[in-house]
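Subject: Structure handover

Hi,

Here is the structure for you to look at. Please open it next to my notes below.

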Amino acid sequence: MFDGIAGSYDRLNDVMTAGLHHRWREMGVMLARVGPGASVLDVCCGTGDFAFALKKAVGPGGRVIGVDVSEEMLDVAREKCGKNQLYVEFRTGDLLSLPFTNGVFDACTVGFGVRNVADIPLAFSEMRRVCRPGGRVVCLEITQARIPVFKQFYNLWFDHAVPRLGRLAARDESAYRYLPASVKRFPGPDELKTLMEQAGLKNVRYEILAGGIIAIHHALV
Ligand SMILES: C[S@@+](CC[C@H](N)C(=O)[O-])C[C@H]1O[C@@H](n2cnc3c(N)ncnc32)[C@H](O)[C@@H]1O
């Protein structure tokens, strides 16, 4: 599915969030607490925006690797390295079986990715495994709005406007019907926190942004 929408993914993100998705990723970078020289893995990296934001934080002496299962998304990400003048290594790989040995990264991040995997506990356990003790795991996800009026607006936008935008811009309405459906079946913030704890992560906390539609979970390894 992601192969099919790779070419229009960035444009639709900008339209759907009025450009705010960049700020949410910046907050994710801050919570990953990575500084110059750090080594970071961004899983489900897609077209690379989270990975590029991390690369800015770790600087030329740091290393960021982006991993995704979709070759088309990775092709878009690789093309953006030149445009952004930032070097990130993009590799094919599955979050549920990460191709890295234990404890090699200072942090592991995921943006809008965990919602798509079949085994959420395994995903967090893999993210924990590849980080060193004392490292950090950060998960940025869409969550369901709870504030009454905002919730109604959000449901209308997500259930009706987003699939139409998907049909117009990506010529793929089904991928953008999948988006609200996947958010609805995704665990709420407290449940996700418990799953992260069960995966062995410590000090799990979360921040809610954008009127309650974005949750950033962060934890210690
Ligand atoms: C909604 S996109 C998010 C992309 C990017 N992280 C962002 O912040 O925009 C979800 C990505 O997860 C990838 N994905 C889904 N399942 C995966 C898996 N098991 N392992 C690695 N990547 C996966 C998809 O190919 C897609 O690129």
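The notes cover the ligand shell, a hairpin and some backbone angles.

This is a predicted model: local features need pLDDT of at least 70, side-chain atom pairs count only at pLDDT 80 or more, and totals for chains, interfaces and linings use all residues. Residues are numbered from 1 along each chain as its sequence is written.

Ligand first. There are 19 residues around the ligand (C-beta atom, placed from the backbone, within 6 Å of it). Cys44, Gly46, Ser70, Leu95 and Gly111 come nearest. By class, the shell has 11 nonpolar, five polar and three charged residues. Nonpolar here is Ala, Val, Leu, Ile, Met, Phe, Trp, Tyr, Cys and Pro; charged is Asp, Glu, Lys and Arg; the others, Gly among them, are polar.

Next, the hairpin. Strand 6 (residues 202-209) pairs with strand 7 (residues 214-220), antiparallel, over six bridges. Pairing needs at least two DSSP bridges between the strands. Helices (H or I, at least four residues) and strands (E, at least two) are DSSP runs, numbered from the N terminus. Leucine 209 has isoleucine 214 in strand 7 as its bridge partner. Four residues separate the two strands, and alanine 210 in the turn has a positive phi of about 55°.

Two loop residues also have positive phi. Alanine 18 has phi near 55°. Alanine 18 sits between helix 1 (2-17) and helix 2 (21-32). Phenylalanine 112 has a phi of about 55°. Phenylalanine 112 lies between strand 4 (105-111) and helix 5 (120-129).

Which of them is buried, and which exposed? Alanine 18 is exposed, with 7 other C-beta atoms within 10 Å. Phenylalanine 112 is buried, with 22. The cut-offs are 20 or more other C-beta atoms within 10 Å for buried, 12 or fewer for exposed, and partly exposed in between, with C-beta atoms placed from the backbone.

Best wishes
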